[in-house]
Amino acid sequence: MNVIPDRVYRFLQAYPPFSMLDKTMLEKIAGDTVIKYLQAGEFVFTEGESPQEYIYVVREGAIELLKKDENLLVEVCDEGDLFGLRPLLAKQPYVLSAKAAEECLLYAIKVDDLQELIETQPKVGYYLAQNFAFGISDKYSKLFKGKLFLDKDPALLLQTSLFEIQSVNHSKSPVCCAPTATIQEAARIMQQKHVGSILITNENSHPVGIVTDRDLRNRVVTGEVSRRQPVSDIMTHPVVTIQPDCSVAEVQIAMMKNGIHHLCITQDGTPHTPVTGILSEHDLLVLQGNNPAILIREMKRSSSAEKLAVIRTKAEGLLQQYLEREVAMDFIATVMTEINDALIVRVIEIALEELEVPLPDLRWSWLGLGSEGRGEQLLRTDQDNAFVFENVPETELENTRSQFLAFAQKVTYHLNTCGFVYCPGEMMASNPKWCLSLQEWKNQFSDWILTPTNQNIMHCNIFFDFRSLYGEEEFSNQLGEHIFDTIDQKGIFLSLLAKNALQNPPPLTFFRNFMVEKNGEHKDAFNIKSRAMMPLTDAARLLILGHQVTGVNNTFKRFEKLAELEPKHSELFEQAADAYEILIRYRALQGLKNNNSGKFLLMEEMTKMQRLNLRNTFRPINDLQDIIKVRYQVSFFG
């Protein structure tokens, strides 16, 4: 072994985690590093062997990590890859063998040096936690769970986003009055205290309602209600309450979901304890200028699709901030789903206002499909939607459909104006094939399930992720129940759905290269949607259908639910959920960067660290597909 510090230094500084170190630290590492040469077939260490005092970086060549008992190739490490991290764990034998696949040059780095870095440099531990293929201890993997960006201030990496967890400043001296006070008395108190709202409380100081300036304008100033009437006549009730230590994220979601501008704070977060404060949208604006609740309110007031498009562009600026701040993906998806839903609802309302002839006097529902149906549509991708209307006599069916189709065409036109382009496959409510009565939809689902051709299975993968966005939500519930009832009649269906879910294997070649497009417009690009996200989406949908769980459409929430339902596989499902969150984050970043759907990634534009993060997300796919093969006996179906 020979030591050549300068050459080692220049090489290591190009690869993480060494690229994160300052010159002095890296010089010390390089000075302690030794070089090891191996011929093809020679072992660095073998399975069961006691840990060595070195950890290795591949300088040239390739190292195979093998499971000897099963004669299984687990991993191939190439230039810049780190392996042999077992010494960082408890002093336990190696669980894999490391063998030179060709002539190799390795840099052997002392365990003590790297251990010191982990303890003093959070970003190093962060990087190693991402490289879970090598078995870094839970201490680090849990600390940095779900993180992507390794170039930020280390102090920020040791905490959840401040934006997400920061407690909101709120008025700790809320203005209150009794339900029996007159409206005039309540208004006078508000004027004296210079506030825009007043809480109505009972004799125990528990909240029973709230009155705002808006209520006074809309109900009293208009003459609808006399100012001498009790304030309880115009109060909004029940009051939405939260706990005193509620985070910004929780507050925003509560306001958006309930369509309100004030939240009441009580001792335990329920209406059954005394009031301790009140929180308004203004309080959030003081904390953060770009508030999703404000964007939604602007959408509700918009008079055209063009104005909605401008607001949706603002929302993408908000999305960019969330992604850069590493806000939890669950929160990001919830916020963007609420924004998209508000936009779609307003587009539908605008289309209704434009109708010259009213729609038939029937119940109906607008359904979101695909990523919108799953609550995962962060970017403005193409439309996937459908329309369901109340059953009518056969003689009236086509006339009814034509009226709803004309309306649906207006909606899809406006959505296209807002940036949600027309679906190339015309999976839209404006297509007569997807504008059906409730019974027609049930018949359609039955046909797909009972006659599971490849085309029908493909339709199931698209249409089984549906959600009612406007109108009769009960139709969505009925369709969900019908799907499960029909699946029970056709036991083979889930097995065929499983076979389809296995069409996309883990997206790495034998030599750990990414499977990229071979030709066409996106030649040499990696399709993150079809090759990485779809295998996880399809697996989650299949497994949740197998448990007959309704109301859980989101992919990472499906995996979280599966972890509850199948404790023995909980670790795998949790890894799959984390992997999907990382993938959806990468796609969103790519889409925002290039102003497109984010489907295609160019590997040459990604750093070694980013490729490693991406590659690690593929690992649960193989294990999930193994479970599917066994559970649904896919081998019997060719």
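This report walks through the cores, salt bridges, ring pairs and a few single residues of a predicted model.

## Ground rules

Since the model is predicted, local features need pLDDT of at least 70 and side-chain atom pairs count only at pLDDT 80 or more, while totals for chains, interfaces and linings use all residues. Residues are numbered from 1 along each chain as its sequence is written, and side-chain values use heavy atoms, with hydrogens and water left out.

Helices (H or I, at least four residues) and strands (E, at least two) are DSSP runs, numbered from the N terminus. Buried stands for under 20% relative accessible area, exposed for over 50%, and partly exposed for what lies in between, using a 1.4 Å probe and protein chains only.

## The nonpolar cores

Let's begin on the inside. A nonpolar core is a set of buried Ala, Val, Leu, Ile, Met, Phe, Trp, Tyr and Cys residues joined through side-chain atoms within 4.5 Å. The largest such core has 121 residues, and Trp366, Trp441, Phe526 and Leu614 touch the most other members. Helix α14 (residues 329–354) supplies the largest share of this core, with 14 residues.

Contact here means heavy atoms within 4.5 Å. Leaving aside residues up to four places away in sequence, leucine 614 touches Phe514, Phe526, Ile528, Leu583, Tyr586, Leu601, Met603 and Met606.

## Salt bridges

A salt bridge is a side-chain nitrogen of Lys or Arg within 4 Å of a carboxyl oxygen of Asp or Glu, and the structure holds 28 of them. One of these joins the side chains of glutamate 316 and arginine 380, at 2.8 Å from N to O. Glutamate 316 sits in helix α13 (residues 305–324) and arginine 380 in the loop between α15 (370–374) and β16 (385–389), so the pair ties together parts that are 64 residues apart in sequence. Both glutamate 316 and arginine 380 are buried.

Aspartate 341 bridges to arginine 467, with the closest N and O atoms 2.9 Å apart. Because aspartate 341 is in helix α14 and arginine 467 in strand β18 (residues 467–471), this pair ties together parts that are 126 residues apart in sequence. Aspartate 341 is buried, at a relative accessible area of 14%. In another bridge, glutamate 566 and arginine 631 bring their closest N and O atoms to 2.7 Å. This pair links distant parts of the chain, 65 residues apart: the loop between α22 (555–565) and α23 (570–594) holds glutamate 566, and helix α25 (residues 619–631) holds arginine 631. Glutamate 566 is buried at 7% relative accessible area, whereas arginine 631 is partly exposed at 34%. Salt bridges also link Arg374, Glu376, Asp465, Asp538, Arg541 and Arg558 in a network.

## Aromatic pairs

Rings of Phe, Tyr and Trp (its six-membered ring) pair if their centres lie within 6.5 Å; planes under 30 degrees apart count as stacked, over 60 as edge-to-face and the rest as tilted. The count by this rule is 26 aromatic pairs. Phenylalanine 445 and tryptophan 448 make a tilted pair, 5.7 Å centre to centre with 45° between the planes. These two residues are about one helical turn apart, because they are three residues apart in helix α17 (residues 438–450). Phenylalanine 445 is buried at 2% relative accessibility, and tryptophan 448 is buried at 2%.

Another tilted pair is formed by phenylalanine 526 and phenylalanine 618, with ring centres 5.7 Å apart and planes at 40°. Phenylalanine 526 belongs to strand β19 (residues 525–527) and phenylalanine 618 to the loop between α24 (608–617) and α25, so the pair ties together parts that are 92 residues apart in sequence. Phenylalanine 526 and phenylalanine 618 are both buried. Ring pairs also join Trp434, Trp441, Phe445, Trp448, Phe463, Phe464, Phe466 and Phe493 into a cluster.

Helix α23 has 25 residues, of which 19 are buried. Just after α23, asparagine 595 takes a positive phi of about 55°.

Serine 430 lies in the loop between α16 (394–417) and β17 (435–437), and is buried at 14% relative accessible area. Not counting residues up to four places away in sequence, serine 430 touches Leu405, Ala408, Gln409 and Thr412.
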